[in-house]
Amino acid sequence: MNVSLYQAAAAMNAHARVQELITQNLAMSAVPGARRLETSFSTVAAGFASGAPQAPGNRFHIPRVSVGTNFSPGEITASESPTDLAIDGPAFFEVQLPDGTLAYTRRGQFHVDAQGYLVTQHGYRVMGLNGPIQLDPANRETLSITPEGQVFQGQEARGQLRLVEFDDPHRLRPLPAGLFLADDPALVAQPARQSRVIQGARESSNISPLNEMASLITTLRLFEANQRVLQAQDERMGRVIAELGNPG
């Protein structure tokens, strides 16, 4: 096996995957509450060099890309909508998907649907301590939400937002639309103790388009460098084959 050829191809594949993730980050950079996908490289043993004894020191390795989520907070800016909510702290809003599954989000651009439920932009109901938060559509009084998440319609209490925190949010599984699933059995949603709600505010994504473009250029150059190695090894093998085929 031509180790250099194999490793260059594997590196190209890894950098192509990184380019895909950077593209996703760029697409999500303008989405409120979106979280940056981060990549890290590790190596995995792939085999033994050709003609070398099968000993640990003669193994060759190829790069492997691992993907994680950066949960650092985004910038909080004022909004004119009373149903726009931001979280100051590490907590998440809990929402209910159409199949009843509970998901978690930092994207607090909510609105009230025809039944009076407080819902996300995709229509998922925002959960309270006793079920979905539902307002009275006939009540035209001002909606107010306290820093603790208590929801009032005028003087009438309509419930309390369920804010949850996780010991290790990096184990959450990302979904589209800024949602996360806690489908790891080791993850337990705990009542928020270090967070507060800010009404009339939005949290921006923590993705910098400028940094992502710089990373994209760097990754493209690394891809091209490995591509040149691949071409050089292919040409070398071609010359060897041609010379062996024409010994005279």
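**Notebook: charged pairs and cores**

I started with Asp-88, which is partly exposed at a relative accessible area of 35% (buried is under 20%, exposed over 50%, partly exposed in between, with a 1.4 Å probe on protein chains only). A note on what I'm looking at: it's a predicted model, where local features need pLDDT of at least 70, side-chain atom pairs count only at pLDDT 80 or more, and totals for chains, interfaces and linings use all residues. Residues are numbered from 1 along each chain as its sequence is written, and side-chain values use heavy atoms, without hydrogens or water.

**Salt bridges**

I found eleven salt bridges in the structure (a Lys or Arg side-chain nitrogen within 4 Å of an Asp or Glu carboxyl oxygen). Asp-88 pairs with Arg-196, with 3.2 Å between the closest N and O atoms. That ties strand β4 to strand β18, 108 residues apart (strands are DSSP runs of E, at least two residues, numbered from the N terminus). Arg-196 is partly exposed too, at 40%.

Next I checked Arg-158, which bridges to Glu-156 at 2.7 Å. Arg-158 is partly exposed at 24%, and Glu-156 at 35%.

Asp-184 and Arg-171 meet at 3.1 Å, N to O. Both sit in loops, 13 residues apart. I also noted one network of shared partners: Arg-35, Arg-106 and Glu-203.

**Cores**

Which residues touch the most other members of the largest nonpolar core? I got Leu-85, Phe-93, Val-151 and Leu-161, out of 20 (a core joins buried Ala, Val, Leu, Ile, Met, Phe, Trp, Tyr and Cys through side-chain atoms within 4.5 Å). Strands β4, β5, β11 and β16 each supply at least two of its residues. A second, separate core has eight residues, including Phe-92 and Leu-187.

How values were computed
Helices (H or I, at least four residues) and strands (E, at least two) are DSSP runs, numbered from the N terminus.
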